[in-house]
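Me: I have a structure open and would like to learn how to read it. Could you take me through it feature by feature?

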Amino acid sequence: MKALFLRKSAIALAAIALVGIFAPLFAPAPPQEIVGAPFARPIWWKSGKLPAAKSFDVKIDGIEFEWEDEPPAIFSLYGRVTADASSEVRVIWRTPRKEYLLERLSGSELYWINSDGRDMIFKQALGLPLVSRSVDHLFPSRGKYSLSVEGAKGAELRLLLPGERQGLLGTDQRGRDVFTLFLYGIRTSLIIGTAATLVASLLGVSLGLAAGYAGGLCDALIMRAVDVLLSIPTLPILMALAAVWGKGLWQLVLILSMFSWMGTARSVRSLVLTLRESAWVESLRALGASRGYILRRHLLPETAPILLANVALGVPGAILSEAGLAFLGLSDPRLISWGRMLHEAHSFGAFTQGAWWLLLPPGLGIVAVCLIFLDMGKFLEEKIDPRLG
């Protein structure tokens, strides 16, 4: 076992698990929060003058700044303004070419502002073409820009300019940070993969011990059940059960484990069949050892190497099955996993948008975790059977 823990694949798995457990705790924002424009590229991906996201806090004295990039993806202004009820408040946006009156407010002491450049009413109020991008008119060229608030007593506004580049891995179709989603997906994929495999392994070991040692009718019933389940196409059954039982985390674990125990049961049964007639088992029976004692204290430890190998080889299958169900939309939409990320990327046009940063991280994550477990399983199989070395 020490050699297994010192293996590079085991170290890599431990590192990935630690990242999945602790990294989300330090994420700058929850995974559901919109942090930028839809389909924004990673911040390090520089193509032309694509702007990064910028934001400004606007107080009563307004702001002024230089803009040297292409227009941002979105123009958004929100917050509150206080004034005398008899005063008229004017929020003015000045570009190098033109001045725009964003808001004209009167008759109250408190105003809430929520202006979005994508809104048709916003475009109509500024006299902009409804079919155009408002940012192309609000940022017509490089130069000096300003936002002022006239006639107000106080202002707490935020000017948000999401750019075409955002975060380490860009944003998805909703503007959520892909890197944060990827970190949360590690946790979900590992939990589902390991939990489903452990449940299936325990079920397979129990039924394999019972079938191999008891024999007779018990053995026949269990093995015929194994043959039936192995002959059923798994994916349609998983889809039907997911639709009937629900799409939560533990429902997925239960569904996947129900169709993953048969190989373990067969392997354990074969081992027990070779051991139950051995001399030392006969000696235990002659000494009056009960069936439960023989199974628990002697035969179960003999199955440990097979169990470990099956767990290591079964986790990739469970992760891929979960990813397949999530890709087909048969998982909880609130449950963030790598498969769910691929499903949403496919459904919302990541291929047509050329948004490779939505596809590669979850896809490579699934491949990496599966290869790690396969390497560990191969190593354990070689230790169990030296002829494979």
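Here is our conversation about this structure, one feature at a time.

Me: What should I know before I start?

Reply: This is a predicted model, in which local features need pLDDT of at least 70 and side-chain atom pairs count only at pLDDT 80 or more, while totals for chains, interfaces and linings use all residues. Residues are numbered from 1 along each chain as its sequence is written, and side-chain values use heavy atoms, with hydrogens and water left out.

Me: How are helices and strands named, and how do I read a sheet?

Reply: Helices (H or I, at least four residues) and strands (E, at least two) are DSSP runs, numbered from the N terminus. Two strands pair if DSSP finds at least two bridges between them. Here, an open sheet of 4 strands runs in the order 2-7-4-5, with antiparallel pairing. Its edge strands are strand 2 (63-67) and strand 5, each pairing on one side only.

Me: How many bridges join strand 4 to strand 5?

Reply: There are 7 bridges between these antiparallel strands. As an example, Trp93 has Tyr100 in strand 5 as its bridge partner.

Me: How do I read a salt bridge?

Reply: Look for a side-chain nitrogen of Lys or Arg within 4 Å of a carboxyl oxygen of Asp or Glu. The structure holds 18 salt bridges. One of them joins the side chains of Arg104 and Glu88, at 3.6 Å from N to O. That pair links distant parts of the chain, with Arg104 in strand 5 (residues 99-106) and Glu88 in strand 4 (residues 88-94), 16 residues apart.

Me: And what do the words buried and exposed stand for?

Reply: Buried means under 20% relative accessible area, exposed means over 50%, and partly exposed is in between (1.4 Å probe, protein chains only). Glu88, at 37% relative accessibility, counts as partly exposed.

Me: Which parts of the chain does the salt bridge of Arg176 and Glu344 tie together?

Reply: The two side chains meet at 2.6 Å, N to O. Arg176 lies in the loop between strand 8 (154-161) and helix 5 (178-214) and Glu344 in helix 13 (residues 338-347), so the pair ties together parts that are 168 residues apart in sequence. Both Arg176 and Glu344 are buried.

Me: How do I find a nonpolar core?

Reply: A nonpolar core is a set of buried Ala, Val, Leu, Ile, Met, Phe, Trp, Tyr and Cys residues joined through side-chain atoms within 4.5 Å. The largest one here has 33 residues, of which Trp338, Leu358 and Ile366 touch the most other members. Helix 2, helix 5, helix 12 (304-327), helix 13 and helix 15 (356-384) each give two or more residues to this core. The largest share, 10 residues, comes from helix 15.

Me: Which residue has a positive phi although it is not a glycine?

Reply: That is Phe39, with a phi of about 55°. Phe39 sits in the loop between helix 2 and strand 1 and is buried, with a relative accessible area of 13%.

Me: Is Phe26 buried or exposed?

Reply: Phe26 is exposed, with a relative accessible area of 70%. Its place is the loop between helix 2 (8-22) and strand 1 (54-58).
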